[in-house]
Amino acid sequence: MTRTGTTPTNLRRALRREVPSIVGLLADEQDFAAMRRYRTFPFTDHTAYLREVEALLRALARQGGHTTVTLFDPEEYAAWCAETDTDPDRPASRSRFTAHLAATGARVTYTGQPLTTLLPELVDTAVRQATWEYATTVLATAGDCATCGKDIGKAAYERAAHLLVRLLEAAGPGIHHLVCSVPAADDQLLAVLHADGTAPPEDTAATEPATEPAAEFTAVLAAGIALAAPGGLVLRTTAPDTPDRLHGWRLTDGALTPLTEAEVFSAYCTDARTGEPLSPEPGVEYRAGFPLAPGPDDDWTTHH
């Protein structure tokens, strides 16, 4: 039975608006080229492919449903097909893998943003997820301290959370932009956090972090502590009617050691790729890192 004046076609259209859509996107030309090995993959040009994807996303948005975009990785797809005994050269297989990615992989919601905005957002989400997974794996597999028997990963996370709280307390009012960098096995772990210095900082060791970025940042800092990796942390503070202030610290032996003003200037005004000097940013003050108040877990060197 249907309501008076409602046709089956209208009902199907209404139902379609309640069915979510998932689009797997090949973000770069290298991934696109890898998919061209499959006979059933119909595209030959990456630019044309992106144009058609954007047209599809707009069409789905016009239908009023919810659309999720996920990053399609050809290597991961091939491994999934081998593991599940699935023929990779079938559109249905790609569809099943895309549904799998929507539950496990990096994804963003399409809200009408252009592809030039969506692509960087999707790649950034994928990088953040990979960083989070690596950092949490490091903490989960760090083992117990040979001296005191404590779980090193848990202790490192608690220490990182306390350091972050003390850092934000010492930074004072303003909008703070923090970047933590820790060397990993094959790459560099990087975490970014924006914090409002007008609000009381959250002790992430006592409660669950209020935001995912806070948890990610804490996990990366904790991974550096657990690995005894020579990482670094920089803080940029923006406040009304004053120049931005830049501070820096070196992560050594589980502690944040303040950099000198000259070291902060050198870090920001040197091209990391070529080593060539860069011009100082106008309206920015390069300052030494400030010391942090002592905490109950400062004797980190006792953990092995």
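This is a predicted model: local features need pLDDT of at least 70, side-chain atom pairs count only at pLDDT 80 or more; totals for chains, interfaces and linings use all residues.
F72 lies in the loop between strand β2 (67-71) and helix α4 (74-84). With a relative accessible area of 5%, F72 is buried, because this value falls under the 20% cut-off. Neighbours within four places in sequence being set aside, the residues in contact with F72 are G24, L25, L26, D31, M35, Y77, R94, F97, T98 and L101. A separation of 9.2 Å is computed between the C-alpha atoms of F72 and A106, which are 34 residues apart along the chain.

P291 is located in the segment after strand β9 (284-286). The relative accessible area of P291 is 65%, so P291 is classed as exposed, the threshold being over 50%. In sequence, P291 and L167 are 124 residues apart; in space, their C-alpha atoms are 8.7 Å apart.

Helix α3 (residues 46-62) packs with helix α6 (residues 115-140). The angle between the two is about 100 degrees, and their axes are 11 Å apart. Angles of 65 to 115 degrees count as roughly perpendicular, and α3 and α6 are therefore roughly perpendicular to each other. On the α3 side, the contact is made by L50, E54 and L57; on the α6 side, L115, L118 and L119 take part. Classified by residue type, the contact of α3 with α6 comprises five nonpolar residues, one charged residue and no polar residues.

Note on methods:
Residues are numbered from 1 along each chain as its sequence is written. Side-chain values use heavy atoms; hydrogens and water are left out. Helices (H or I, at least four residues) and strands (E, at least two) are DSSP runs, numbered from the N terminus. Buried means under 20% relative accessible area, exposed over 50%, partly exposed in between (1.4 Å probe, protein chains only). Contact means heavy atoms within 4.5 Å. Axes are lines fitted to C-alpha atoms, for helices over the stretch in contact, and angles run from 0 to 180 degrees between N-to-C directions. Angles under 35 degrees count as roughly parallel, over 145 as roughly antiparallel, 65 to 115 as roughly perpendicular and the rest as oblique. Ala, Val, Leu, Ile, Met, Phe, Trp, Tyr, Cys and Pro count as nonpolar, Asp, Glu, Lys and Arg as charged, and the others, Gly among them, as polar.
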